[in-house]
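Open the structure in your viewer and keep the selection panel handy. Each stop says what to pick and what to look for.

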There are 2 protein chains.
Amino acid sequence: MASTETDILVDADKLHTLGVCALESVGVPSEHARMTADVLLASDLRGVESHGFAHLADFYVGRIRDGRVNARPDVRVIAESPATVTIDADRALGFVPGQIAMSKAIVKAKSVGVGMAAVRNSTHFGPGFFYAMMALPHEMIGWAFTTGGNIVIPPGGARRTYGSNVIAFAAPRREGWPFVLDMATSVVAGGKFEIAHRRGATVPEGWGLDPDGQPITDPEIYLRGGGILPLGGIPLFGAWKGFGLAVMTDVLCGVLSGNGASATVQRGASHFFAAMRIDAFEPLNEFYDRMEEMIEKLRAAMRLPGQEPLTFAGEQEWALAKERREKGIPHHPAVIKALEEMCRACGIEYDL
Amino acid sequence: MASTETDILVDADKLHTLGVCALESVGVPSEHARMTADVLLASDLRGVESHGFAHLADFYVGRIRDGRVNARPDVRVIAESPATVTIDADRALGFVPGQIAMSKAIVKAKSVGVGMAAVRNSTHFGPGFFYAMMALPHEMIGWAFTTGGNIVIPPGGARRTYGSNVIAFAAPRREGWPFVLDMATSVVAGGKFEIAHRRGATVPEGWGLDPDGQPITDPEIYLRGGGILPLGGIPLFGAWKGFGLAVMTDVLCGVLSGNGASATVQRGASHFFAAMRIDAFEPLNEFYDRMEEMIEKLRAAMRLPGQEPLTFAGEQEWALAKERREKGIPHHPAVIKALEEMCRACGIEYDL
């Protein structure tokens, strides 16, 4: 996450503008282009480079060009009740149905206390935190789940079989960083292997297996078709829990939306969202008081020598986003070069 | 979970009757006694001995006698919206507000598609699976969360600080075993240390630490005040995810109910429940078809040599419950003796 001396600092707003222009140039409607750039920018601001502008050129613009993603989708509601909605995404860029679905969940939560949305026939929606966090300005708790690429190995297996299914959860605080969990249900997300590979580093034994079931430390073996273990790693340390959380996510996203679970589909993604209005359960002030008490009490627990103070999911990301908003977002020169080339190919002005 | 030659087989219905009588004899209303015995029996049937009749005498009857649990509680609704309810359990046996709350969530889900219930001021409710599974006969998905005893160590710490917070999730199938995940957000539940201790066995390094932060293999050190690591164990293998899931559970149960998160309270428990009507999202037949496809596809994935076929959360428990319902529930002679003594002390007939 740290910037290095070779990284180039880029202004957040300029990056956003460039993203919108590039997406519009390949046929994405302006509103959808803005929604996409919003998520990519939030990822870069919070240090989730694997879901940021580094992949705009090859991944998102590329997939639209080759038709794997539908640039002009008809995102439509196919079932609805006072607290629920099911949406068909028509192979849209996942950012778009993701935001539409979570917005609908929030509207329903305003009305009846809770709103849920299941989305089928979608594609990669980037990081889960973005959608869970959409609940926060409404003084709601947000949940976002998604299926991911089929890179995870079931306990006792050796082959990548099901998705790196993600659970994201956001709860507001009275002020400062909100609690924002955003986790793959595998030991690590696939991006960690990619980062190690780029750096020429090894990965710890216990993250993944080769297709014969042997533990790997060379990230290239993963990239050539190895798989990642479920959270917990081996059964003795909780692999069945990681696998269970992944199946739970598949039931919510893949089964309940009608999409089909991750293991049963080759491409695309399905999602699930929930928004819960806090003041339907208790007065807001009580919620915020209890949040602070929890954080203080956990923070006060004894630390081992040499350990930093305890941090919470979303805390460091919040600080990083503030810093990057002010000072700029560091990107590797290769990313900047790819964005420059993308601009040329799209026939738009490059201005970073 | 396996019965040994020294275990005594007990009839399920007789065990249930004995439980109801014993609880009534210490002042628990009949309806609450039945609700409690239902959960204890379901635990024993599914092989979750740590939450079954083995603890009736010392734990439940004992806690009522010493006043730590309120035998005649006023379980009341303190906030309500079309999709949500908040309940104060008045220090009841957790089984009672647990079932009341989940029943209310189910009624709300029937009406608006989703129902959620947060419960404060409760006590141990046994295993989460029971409440999540209450959704199944209604063709709903069920979720149950609870705070637990403060036995888990935050990443970078050494002292038991927060609860072994539990996530349970149940989804129906057209027939046969339903998918039922029921997991503590720690590497293992505290009961695993107790079982190892009873057997004179060690525990694997990586489950827990002593109060100085040293890894332990002697379960007695845990029982004397050591702590359990979060799911994931150490940060390199996902401890922050386990910690994050535990905080999520604390937000849902402890913060949203107004109870206070696990780390902030000395005793008692808080819970959170959700029920989701499947046909609000999609036709039931489609849901069941997608469930079967998921299971078949995962089951078809290559197994490592010597591995059994892949099983799913709840599958073995379902088979075990069927077997135990027919053949009886194995209990250690010491448990039988304790139940016998409890009957004498309660002045009720012993008939197992």
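Select residues 239-255 of chain A. This is helix H8, in a predicted model. H8(A) has 17 residues and reaches 22 Å from its first C-alpha to its last. That is close to the 24 Å expected at 1.5 Å a residue.

Is H8(A) enclosed or open? Of its 17 residues, 16 are buried, so H8(A) is largely enclosed by the rest of the structure. In general, an α-helix has 3.6 residues a turn, so residues three or four places apart point the same way.

Now bring in chain B.

Zoom in on E5 (residues 140-146) and E12 (residues 269-277) of chain B. They run antiparallel and are joined by seven bridges. Pick Gly142(B): opposite this residue, in E12(B), stands Ala275(B).

**Strand E5 in chain A**

Go back to chain A and select residues 140-146. This is strand E5. Seven of its seven residues are buried, so E5(A) is largely enclosed by the rest of the structure.

Show the side chains. In a regular strand they alternate between the two faces of the sheet. Here, Met140(A), Gly142(A), Ala144(A) and Thr146(A) point one way from E5(A). Ile141(A), Trp143(A) and Phe145(A) point the other way. Residues of both groups are buried.

- Select E12 (residues 269-277) of chain A. Seven bridges join this strand to E5(A), and the two run antiparallel. Find Ile141(A): its bridge partner in E12(A) is Met276(A).
- Select E8 (residues 166-171) of chain A. E5(A) and E8(A) pair over five bridges, in the antiparallel sense. Find Gly142(A): its bridge partner in E8(A) is Ala170(A).

**A stop at Arg120**

Select Arg120(A), found in strand E4 (residues 114-122) of chain A. Is Arg120(A) buried or exposed? Its relative accessibility is 18%, and buried means under 20%, so Arg120(A) counts as buried.

Now display what Arg120(A) touches, beyond residues up to four places away in sequence. Its contacts in chain A include Ile78(A), Ile87(A), Asp88(A) and Ala89(A). Ser257(A), Gly258(A), Asn259(A) and Ser270(A) are also among them. Glu286(B), from chain B, is touched too.

**Both chains together**

Zoom out to show chains A and B. How do they relate? A rotation of 180°, with 0.0 Å of shift along its axis, superposes chain A on chain B, with an RMSD of 0.0 Å. That is the relation of a two-fold axis. The same surface serves both copies: 100% of the contact residues of chain A recur in chain B. To find the axis, select Gly232(A). Of the residues of chain A, its C-alpha comes closest to the axis, at 2.5 Å.

Last, colour the contact. Between them the chains bury about 6,900 Å², 77% of it on carbon and sulfur atoms. Select Lys241(A), Leu256(A) and Phe281(A) to finish. In chain A, these lose the most area to chain B, together 11% of what that side buries.

How values were computed:
Residues numbered from 1 in each chain as written. Chains lettered and ligands numbered in written order. Predicted model: local features only at pLDDT ≥ 70, side-chain atom pairs only at ≥ 80, totals over all residues. Heavy atoms only, no water. Buried < 20%, exposed > 50% of the residue type's maximum accessible area, 1.4 Å probe, protein only. Helix = DSSP H or I, 4+ residues; strand = E, 2+ residues; numbered from the N terminus. Pairing = 2+ DSSP bridges. Expected span 1.5 Å × (residues − 1). Least-squares fit on C-alpha atoms with pLDDT ≥ 70 in both. Contact = heavy atoms within 4.5 Å. Buried area = accessible area lost by both parts, 1.4 Å probe.
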